[in-house]
Amino acid sequence: MTDGRFTGPGVKVYEFADEVLVRCPQCGGCALILARLGECEHRRFRDREFTRRRLRCGGCGFATDEFQSCRAFGRPVDPHFRLPLRLAAECRGGKQLWAYNLAHLDLLEGYIAAGLRERAAVPGSMSLVERLPAWVKSAKHRDELLRTIRRLHASVPQDRQPDKPVAAASPVARSVPHSDS
């Protein structure tokens, strides 16, 4: 993003929900929720399908697997276990900036930092970038939001950082998705 241009990848927020960084319910450290477990184990009960989700904390070792039937998006909690997100911070007078993982945070950073923002058409409904609240889109909040993003990024322990550059790990090659806070 050296030219100050951002081209929206046309992704939706749920595309970042396969790996979510949360606060561990036991120690408050950085835990990881995995929503796709290889072959994804499913169970059916009364015409509903339940998918296995896994929560693991690298700090205290807390671990749990649960079968869940639905997810909830668009709030600063993880869509699976409803735990507080690790990548969430208050800014702009009580408003919350949040991301599910580092790829999501990088997408937000790219969007917020850009002087020229273009977007790809998404058939059916609005993309994550189009759903960002006006206070995130406003250029006058750019510096504060970018400071907050850098602080959030630095708060992730090294063992939760990707082995390869986030741009390569991201489903959207370093774009910016976000939340509807």
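Me: Buried means under 20% relative accessible area, with a 1.4 Å probe and only protein chains considered. What share of the protein chain counts as buried on that basis?
Reply: In this predicted model, 45% of the 181 residues of the protein chain count as buried. The accessible surface of the chain comes to about 9400 Å², and 46% of that surface belongs to carbon and sulfur atoms.

Me: Why are the buried residues of α3 said to line one face of the helix?
Reply: The residues concerned are Leu 145, Leu 146, Thr 148, Ile 149 and Leu 152. Seen down the axis of α3, these buried residues fall within an arc of 160°, and therefore they line one face of the helix. The face turned away from that buried side carries the exposed residues Asp 143 and Ala 154, while the cover over the buried residues includes β7 (87-91), β8 (95-99), α1 (102-113) and α2 (134-137).

Me: What span does α3 reach, and what span is expected for the helix?
Reply: Helix α3, residues 142-154, has 13 residues and reaches 18 Å from its first C-alpha to its last, which is close to the 18 Å expected at 1.5 Å a residue.

Me: Why is the pair of Phe 6 and Tyr 111 called what it is called?
Reply: A search of the whole structure finds 2 aromatic pairs. In the pair of Phe 6 and Tyr 111 the ring centres are 5.4 Å apart, within the limit of 6.5 Å, and the planes stand at 90°, which is over 60 degrees, so the pair is edge-to-face. The pair links distant parts of the chain, since Phe 6 is in strand β1 (residues 5-7) and Tyr 111 is in helix α1, 105 residues apart. Both Phe 6 and Tyr 111 are buried.

Me: How do you know that the charged end of Arg 117 sits over the ring of Tyr 111?
Reply: The charged end of Arg 117 lies 4.2 Å from the centre of the ring of Tyr 111, and this is within the distance limit of 6 Å for a charge over a ring.

Me: What makes Asp 65 partly exposed?
Reply: Asp 65 has a relative accessible area of 28%, between the 20% and 50% cut-offs, and therefore is partly exposed. Asp 65 has its place in strand β6 (residues 63-68). Not counting residues up to four places away in sequence, Asp 65 touches Arg 52, Arg 53, Arg 54, Leu 55 and Arg 56.

Definitions and conventions
Residues are numbered from 1 along each chain as its sequence is written. This is a predicted model: local features need pLDDT of at least 70, side-chain atom pairs count only at pLDDT 80 or more; totals for chains, interfaces and linings use all residues. Side-chain values use heavy atoms; hydrogens and water are left out. Accessible areas come from the Shrake-Rupley method with a 1.4 Å probe; for residues, only the protein chains shown count as cover. Helices (H or I, at least four residues) and strands (E, at least two) are DSSP runs, numbered from the N terminus. The expected span of a helix is 1.5 Å times one less than its number of residues. The arc is that of the directions from the helix axis to the C-beta atoms. Contact means heavy atoms within 4.5 Å. Rings of Phe, Tyr and Trp (its six-membered ring) pair if their centres lie within 6.5 Å; planes under 30 degrees apart count as stacked, over 60 as edge-to-face and the rest as tilted. A charge sits over a ring if NZ of Lys or CZ of Arg is within 6 Å of the ring centre and within 35 degrees of the ring normal.
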